[in-house]
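Please look at the sequence and the model shown here before reading on.

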Amino acid sequence: MTERVFDELLTWVTGVDDTPSDLAKHAGLNAFLVANGVKVPDSSAPARAIVLGGAKAGIEQSVLQDVGFANGEIVCIDRVPPLASEFLGSNSLVWLDGLFPDTVDEDRVPSADVLVCLAASRFFPDAFDTYRRLVRHLRPGSLVVIDFLHQPVIRQAALAALRDWVFVEWGRDRDLAMASLRDLSRLSVSVGNGLVGSVVDLESSAPALGLHPGSYSSQRVLYEVFFPFWFKSGATEDDALRQMVWQLLYRSMNGTEERVRAFADSCDMEVVGVLALTPDTNVLVGRTAR
Ligand SMILES: C[S@@+](CC[C@H](N)C(=O)[O-])C[C@H]1O[C@@H](n2cnc3c(N)ncnc32)[C@H](O)[C@@H]1O
């Protein structure tokens with residue numbers, strides 16, 4: 001049942017969420033790639049890039065541009081049809097419709113020179129396992145730009161508890177489950193509005209809990225450390241609902257820098273860098289062994 005509910009919720013949220021790729025959030029990645037002169041491998045043959053979970057493709061396209069990917073083929077694996085046409089430039093696009101590796105078999109994935117996956121790995125059952133399967137399709141010296149989410153332990157536990165509850169309720173009665181989620185979203189907006197201007201000074205350092213010394217917005221600490229009460233001034237309850245449902249689909253949440261480096265090592269990858277893009281997102285930029 002879990003897989004079915006996951007699938008239904010993912011269908012629902014991808015159907016109602018037309019938020020564009022968060023390009024501003026990824027500006028640090030673009031700057032990192034340019035500053036380090038990261039480029040696609042030289043090859044006489046036309047290059048191929050695999051973009052996993054890249055239906056909206058804005059970020060992925062900007063990364064491919066940064067690394068000089070041109071006149072090649074982009075293979076987008078996602079159950080959502082890619083919106084890439086306006087970003088394609090000189091590249092062609094192939095869409096593998098489905099979820100990897102659940103409904104897109106590994107033998108349908110062609111060999112490639114670049115792998116890009118951003119803002120999607122949190123929804124894989126195990127990001128490390130999924131990436132490992134894809135890295136096997138890369139040619140020697142291929143470029144890898146993939147991200148990993150990691151969450152403080154309390155938030156991981158809260159998300160897991162909430163997800164388990166929603167999955168059971170959704171399996172019983174979708175309308176009631178959605179009504180409860182709408183209530184939580186209303187609560188989230190109300191709490192956010194109530195905390196506008198409230199600041200907290202944290203003195204202790206407890207990285208596993210997501211606590212670091214400094215002065216923070218109280219709502220930010222609540223959201224990033226404890227509970228998925230997303231808030232943005234002026235956002236609607238529907239926006240909050242969508243954000244909450246996306247987070248209930250989180251499955252892979254333990255991509256600390258240490259684990260990411262160990263993963264790269266175990267795949268025999270040369271690490272160009274592990275970029276802490278945000279407090280909860282590490283991006284691995286690497287190359288497969290030559
Ligand atoms: C939050 S969206 C991010 C899209 C895009 N990368 C961006 O940053 O705008 C996550 C995407 O991952 C896709 N996705 C989730 N699990 C997937 C899987 N196992 N295989 C392929 N795509 C997946 C979803 O369908 C969705 O389009």
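Helices (H or I, at least four residues) and strands (E, at least two residues) are DSSP runs, numbered from the N terminus. Axes are lines fitted to C-alpha atoms, for helices over the stretch in contact, and angles run from 0 to 180 degrees between N-to-C directions. This is a predicted model, in which local features need pLDDT of at least 70 and side-chain atom pairs count only at pLDDT 80 or more, while totals for chains, interfaces and linings use all residues. Residues are numbered from 1 along each chain as its sequence is written.

Two packed helices are described by the angle between their axes and the distance between the axes. Helix 1 (residues 2-16) packs against helix 8 (residues 237-248) at an angle of about 145°, and their axes are 10 Å apart. The crossing of helix 1 and helix 8 is left-handed, a term used if the near helix is turned anticlockwise from the far one by less than a right angle. Two residues are in contact if their C-beta atoms, placed from the backbone, lie within 7 Å; here L9, W12, V13 and V16 of helix 1 meet R242, V245, W246 and L248 of helix 8. The residues of this contact between helix 1 and helix 8 comprise seven nonpolar, no polar and one charged, where Ala, Val, Leu, Ile, Met, Phe, Trp, Tyr, Cys and Pro count as nonpolar, Asp, Glu, Lys and Arg as charged, and the others, Gly among them, as polar.

The open sheet has seven strands in the order 3-2-1-4-5-9-8, with mixed pairing, and two strands pair if DSSP finds at least two bridges between them. Strand 3 (92-97) and strand 8 (269-278) stand at the edges with a single partner strand each, so one side of each has no neighbour in the sheet. From one strand to the next, the twist averages 15°. Strand 8 and strand 9 (residues 281-288) run antiparallel and are joined by eight bridges, and G273 has V285 in strand 9 as its bridge partner.

| Helix | Strands touched or crossed | Angle |
|---|---|---|
| Helix 2 (residues 27-35) | strand 8 and strand 9 | about 145° with strand 8 |

The protein chain is divided into domain 1 (7-151 + 252-288) and domain 2 (153-248), with bounds that come from an automatic or database domain assignment. The C-alpha centres of domain 1 and domain 2 lie 27 Å apart.

Around the ligand there are 21 residues, the closest being S21, G53, K56, A119 and A120; a residue is near a molecule if its C-beta atom, placed from the backbone, lies within 6 Å of it. Helix 1, helix 3 (58-66) and strand 2 (73-78) each supply at least two residues of this shell around the ligand, and the residues of the shell divide into 13 nonpolar, five polar and three charged.

Most residues other than glycine have a negative phi, and most peptide bonds are trans. The peptide bond from F100 to P101 is cis, with omega near -5°, and P101 belongs to the loop between strand 3 and strand 4. N71, in the loop between helix 3 and strand 2, has a positive phi near 55°.
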